[in-house]
Structures are given as C-alpha cells and as structure tokens.
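Welcome! Have a look at the structure below, and then we can go through some questions about it together.

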Amino acid sequence: MSILVNNEWKIIQDGFSKEENRFFESLMSSGNGRMGLRGNHEEDYSGDSLKGTYVAGVYYPDKTRVGWWKNGYPEYFAKVLNAIDFIGIRVFINGEVVDLAKAKFTNYKRELDMKESVLRRSFTFISADGSEFDIQAERFVSYASPDVAAIRYSVSSKSKDAEISFLPFLDGDVKNEDANYNEKFWDYVSSKATEESSYVTMKTRKTEFTVSAAFTWNVIGADVVTKSAVNENNGEYVGVKIGTKVSKGATVTLEKYVSVVSDRYYEANKIEEVALKNAKNAKENGYSKLLEEHIAKWAAIWHMGDITIEGDVLAQQGIRFNIYHLNCTYSGDDPRLNIGPKGFTGEKYGGSTYWDTEAYCLYFYLGTQQPEIARSLLVYRHNQLDKAIENAQKLGVKGALYPMVTMNGEECHNEWEITFEEIHRNAAITYAIKNYTDYTGDESYLATKGIDVLVQTSRYWASRANYNKMKDVYMILGVTGPNEYENNVNNNWYTNRMAKWSLGYTVESLKLMKEKYADLYKAAFERLGLTDAEVAQFADTSSKMYLPEDKELGIFLQQDGYLDKEQILVSELDKNELPLNKKWSWDRILRSCFIKQADVLQGMWFLNDQYTKDQKIRNFDFYEPRTVHESSLSPCVYSIIAAEIGREEKAYELYLRTARLDLDNYNKDTDDGLHITSMAGTWMSIVHGFGGMRIKDGELCLAPFKPASWKDYSFRLVYRGRLLKVNVSEQGTTLLLEEGEAIDIVLFDKKVSLKPGIEFKS
Ligand code: BGC
C-alpha cells in the first residue's frame, strides 16, 4: 500500500503498490520548461508504468483517426512525444537485477521536494539470499542549466560484501502509448558508447526534430573494477556497464550527468557534440554545485510565487503542488513554447496550446513572474498569426482564427464541434493582450504586435457574424461555447459577448495608438491594409451584437433556446449519474440543460467590471446549480465570482474542487498526467477570489477575505517593478511592499499609499 503523506513542501509516497504506480509517477513529475519527465524509476521496472520523458516543442503529427472524414479536418493530431529515456540505470547486485516489479523490498519511499525541485527515492532491496541493500536515488532537471539533468544513485550493502554493477544508459527506442496507429515516432540517427560517455541521437518522423541525449558518469565510494561500453538495439540503446565491489556497511554511488538538446536550439548536425560537451561540463562542475545552482533558481521562483496557508497542511501542499508544476511546465524564455494541459507529465491531450493558456495560465505568470514571461506567451500567438489567417481562409472566413489546439500555429484538434465551432478561443487570445497591458502598464506589446492580432481577429469576427436585417443586429450562429456539452448552437452569449468586446477593444486600441503612438498607428494601418471604413465596421458590429438574455429571470442566456430545455438542477440528479460524460450517452448530454464548465460566468469574469453585483448574483444563482464542472477549468471561475458576491463558503467549496484535483485523484485520471492548466485556476481562486485582486482603471485593487478553516494566508504579487506581499489573517489584511518604489493601491475601495518596507495594516 502507498500512502500520500501530508506535508507542506513535499509530496511523499510512503510504501509502494503496483496498482498506484502510474498515479505516483504523475505526481512525482518534474521539469524545467525545456524538458520534463514522469516519476519513473531509474532502475528496471517491468510492472505497469507510463514511461514519459518529454522535450519542449518536439512533437509528432499523428495522422487523424476519425470514422468519417469531413472536409476541413486537420490532417493530424499533434502528440506530445515520449522522447529518449535518459534516466535509466540498470542495477545488478551480485548479478541479480533490481526490478521492483519482481524483487522483494521494504521501506519504499518516494518524495518530491517542491522547494528544491528534487525527486528522492529510497528502499531496502532484499536479494534472493536474503541480504539487504539500502538504495537511494536522487535526481533533478536543472532549472539553472535547462539542457542538463543529474542523478545520484547509491547502494549500501547492509549484510555482506557485494558486487554491485550499474549500467547507466540512454534508450532511444521509445513509444507513445497514445499513438493512433501504434507507430514508432522516432528514427535512429546516430549513437556512440564509450567507457566514459555515451550519446544517442534520434529524429522524429515527419516533423524531423532531432534530439540528442548524452551522459557521463562518476562513481564514488568504491573502486571501479570493470567497465565496458554497451551498444545494443542497432545503436538505439547505449551505455556503460560499471562493475564495483562494496564491502559490508559501505556505500557506492553512481552519478549520472545528462544533457538533452534538440535542434530547436542548436544545429542538427552539432547537437550530439553540444550534448556531450554539456554532460562533460556538468560532471566537471560536480553534482553539488549543479544542485546548488538549481535550488537557487527555485528559491527565486518561490520567493515571488509562493502562497502560504497557515492552519491547513493539505491546502498548503495543494497550492504549492500547483505552483510547482506550473513552473516546471513553463519558464517563459522561449516564445515558441507554451503550456500543454498535461505539461511534461503525460501524453493525453497532445498539442501544447489551448485557450487555457490565455484564459487561465496568463494570470498566474503575470502575478508571479517578471512581465517578460507572460509577454512570451503573447508573442507566441503573434508569431502564429499567419497560420491563424490561413486557418480562417480554409474555413471561408476573413481575418484570423487561432486554432483550438496547436503546436506550431496549425490546428491539430480533430473533433468537428471543437475545431470549427469553439471559435470563442479567439477572444481569450485578444483578452490576454488587455490583461497583460492592464496588469503591467506596458503598452508596447499592444502597439507593436498585439494590434495585428486584434485587427485580424476582429476581421474574423466581423466576417463570421451575420447581419440580421430584420432585427438590425449581428448574430453568431453554429458555435460551441466553453460549454462543450452542447454543439452547433446559435448566439452563445459568451461567444457573442466576447466578440463584441474584442471588436470594441480593437477600435479603442487603435484610438489609443492614434493619440499616443501616431507613427506606430500609421505603420499598423499600412501593414494591415486597414481603412477607416473597416474600423467603422468593427465598431458597428460590436455595437449591434445580439446578446440573448431573459429579462424576466434577469439573466444572460447561455444561447438561443436554452430555456426550452427541461430545466433540472445538478442537485436533483442521482449522484451515480455523475460524471455525466462517463454515465450518459453523448446524445443525452447534448439535449440536457447541464453545462460542462463556466460559460456565461466566464464572460462575467473576463468583463468583470462591466457587471453589477446584482447581475453577478442572478447569473451565478441560475447557472451554478446547472453546471456539472466536468472540466477542471470550471470551479475556479465560479469560485472567484462566489467570493465577489459574498458567498465565502461557496467560494471555498468550489476552490476545493480543483485545489487538490490531482493529489486526491478527484477525477480518477491522475494516472494519465496532471491537469497543469487548471492549476493556474487554483492560484486564481486564491488571489483573485479570496484576495479579490483586480486591476481597475490602471490600479491594483484588493478585497481579501479569509476562508474560515485557514488561520491565515499570504501571497506575493510581482506588480509593475514591485514585489508586494499580502497577508490575510483574523486580524485583517497586512500589505508589505518588499521590493520597488512606493505605490498607491486600492484596498476595499479605499486608496492606500504603500512605502517600501513599511507594513500597512487594515
Ligand atoms: C475543456 C476545454 C479545455 C480543454 C483542455 C476541455 O475539457 O472543456 O475548455 O480547453 O479541456 O484543458
């Protein structure tokens, strides 16, 4: 049996059970934005396991598999690729292979130290003759040197002198479990194994990404008696077998210094050289130094991004787990990269970019990192604008339609209703430009790059909306809103509302540029072939956008005809019928009134300051009881609005639904990997929900409350060159400007002047 131990900084697995191996492998994942891996064992494990090593930006276009092909379907679904296995170390004790699926062992403990981002594991191996060996493994994927990982693997012989051999290796012969046609996605390029170092280089089929992994090694605590290079499986498996002799009571340690590089950063024909050089340098620097530098990087991340919760260890562990994995997934130093819903923790979902990035993750990176990190996410979309224009053209619409799921700007999701109908994603992408600009006060992105995205997506909306002459309104027909539990609907309120907003924001932004950045304004007009008439059309479409509502109920309508559906509440359903997506036929789901995730409420969150408290209450009270929250992205939005309308308990209850989603295996799918993007939602529930953080008229506003079961909590905000600490306790709110110049902010609707280093208590 495995137990998940409560701990504020660590994820600790005490004991081992084969059945839970995948679950813990997911929890113990680690990464540095450039690469990442699941918590797989270093030594052999012949039992059930999801092997996963991932290299950022390296993917495979797996040919679409659908029953009936429809024109316009994307050719492929981009798969996050399981790449060269670089952690492997075969361990032989007196000739016996250490394999925990077969061997006898006790005292198994695996722990992920989130503060240091180090994975540690220990167990006592009992050999066939009953002798005992303590084994300890420690590894990290360096945040300081993103191409480097290091492993320390120790064996202590407790009972007698022993022959211990290690075979550190690299294995390029790996597969994806989710391959559509059970194909291998890699071709062998080259490899070399010597007694000192090895490398293997593999190339992806079709996309032709070349990845090279190399390692060097070091043994401490025992003499190396034998060593011989290993090259098997036509070169795809390389390593070195190292024989040592260990006396009773002594410990031998193998250090494996790994480097993984891809041709996304270095020339393809040089990458093995680079990988080998990196691995050798890493060995020269030594394990302790590498670890020290890595921990220092994480210390900086935690310094800005930690949230502390006193009086609730589970909540503390939960939020740190989320912050930790968001940072493992995305480090923001390369605008070609993005945040996959499973990050580096599993294969499911493929693709790297969903609207999740702009609608959820951006808030987290804005609040916890320097602005360049969030800006990289915006630049990513700007770089893919041409592809979004092509995508719209393919569908017979003007302007740009960003893909629902993508790796390189091309659509790679192939469910009809999602690919073609969930067009609301365009609005999240433009909303992110506003979000960034409002939060940072930096208008340079908007004026130089963002404006192109705004104009092209506005062209899309203006072309996609159709004018209803009789009613003198614009309508958007045949869409799927964020609520994927109904398709091909007309006038989804959220989509129409956000299209209206987006068009309006484009017009406003052009006006701002005309006033403040006249040259850039002129250049944008020329570059984009924009005319005053077109801008007037944007304004007209925005002002005449039809927004369905029910005046009697005082609510915005999910979509035309929503109230014709039989109105049942989730609380009236038999609990055994949930989750609907597992228990009901798809047809039944589509006909029902049940809403998968925040939809109208998502709009009320984005356009938060445009709605009154009363409107929020009415819509919350109508839609929350009809929402099944079967997307992990849902509860956080409701939680934020619940907090805002004074439903503190409800806000907390909703927060709990995602705070420990993976740790508590709430959806019974942690085995597949972690829900990385919804982790940002948990952060939002605390900072925007409980903390009441908003940007209004260029000012930072806070209105915190404390969940009853917490003693106190605190978070920091990186805001316009400052670091602000917010602490909320029984006694009230304390604000401390830890870094940066004095600033005025708004606390509970009152202006507060914060001076560096001086606490302000409310
Ligand atoms: C949600 C989408 C989301 C996707 C990836 C789906 O279940 O409905 O809104 O983009 O998951 O996280």
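## A first tour in questions

Q: Is threonine 430 buried or exposed in this predicted model?
A: A residue counts as buried when its relative accessible area is under 20%. Threonine 430 has a relative accessibility of 0%, so this residue counts as buried.

Q: In which helix is threonine 430 found, and which residues does threonine 430 touch, not counting those up to four places away in sequence?
A: Threonine 430 is found in helix 9, which covers residues 425–440. Leaving aside residues up to four places away in sequence, threonine 430 touches Val453, Leu454, Thr457, Trp501, Ser502 and Tyr505.

Q: Where does arginine 38 lie, and is this residue buried or exposed?
A: Arginine 38 lies in the loop between strand 4 (35–37) and strand 5 (53–55). Its relative accessible area is 0%, so arginine 38 is buried.

Q: What span does helix 13 reach from its first C-alpha to its last?
A: Helix 13 runs over residues 532–543, twelve in number. At 1.5 Å a residue, 16 Å would be expected, and the helix comes close to that, reaching 16 Å.

Q: Which residues of helix 13 are buried, and why are they on the same side?
A: The buried residues of helix 13 are Glu534, Val535, Phe538, Thr541 and Ser542. They are on the same side of helix 13 because they cover an arc of only 120° around the axis.

Q: Which exposed residues does helix 13 carry on the face turned away from its buried side, and what covers the buried residues?
A: Cover for the buried residues of helix 13 includes helix 10 (444–464), strand 23 (473–475), helix 11 (493–516) and helix 12 (518–528). On the face turned away from the buried side, the exposed residues are Asp532, Ala533 and Ser543.

Q: What share of the ligand's accessible area does the protein cover?
A: Residues surrounding the ligand include Tyr349, Tyr354, Asp356 and Lys596. Oxygen atoms of the ligand lie 2.9 Å from an N or O atom in the side chain of tryptophan 355, 3.0 Å from a polar side-chain atom of glutamate 484 and 2.5 Å from one of glutamine 597. Of the 310 Å² of accessible area that the ligand has on its own, the protein covers 90%.

Terms used: Residues are numbered from 1 along each chain as its sequence is written. This is a predicted model: local features need pLDDT of at least 70, side-chain atom pairs count only at pLDDT 80 or more; totals for chains, interfaces and linings use all residues. Side-chain values use heavy atoms; hydrogens and water are left out. Helices (H or I, at least four residues) and strands (E, at least two) are DSSP runs, numbered from the N terminus. The expected span of a helix is 1.5 Å times one less than its number of residues. Buried means under 20% relative accessible area, exposed over 50%, partly exposed in between (1.4 Å probe, protein chains only). The arc is that of the directions from the helix axis to the C-beta atoms. Contact means heavy atoms within 4.5 Å. A residue is near a molecule or strand if one of its heavy atoms lies within 4 Å of it. A polar contact is a pair of N or O atoms within 3.5 Å; within protein, one must be able to donate a hydrogen and the other to accept it, and residues adjacent in sequence count only if both atoms are side-chain atoms. Accessible areas come from the Shrake-Rupley method with a 1.4 Å probe; for residues, only the protein chains shown count as cover.
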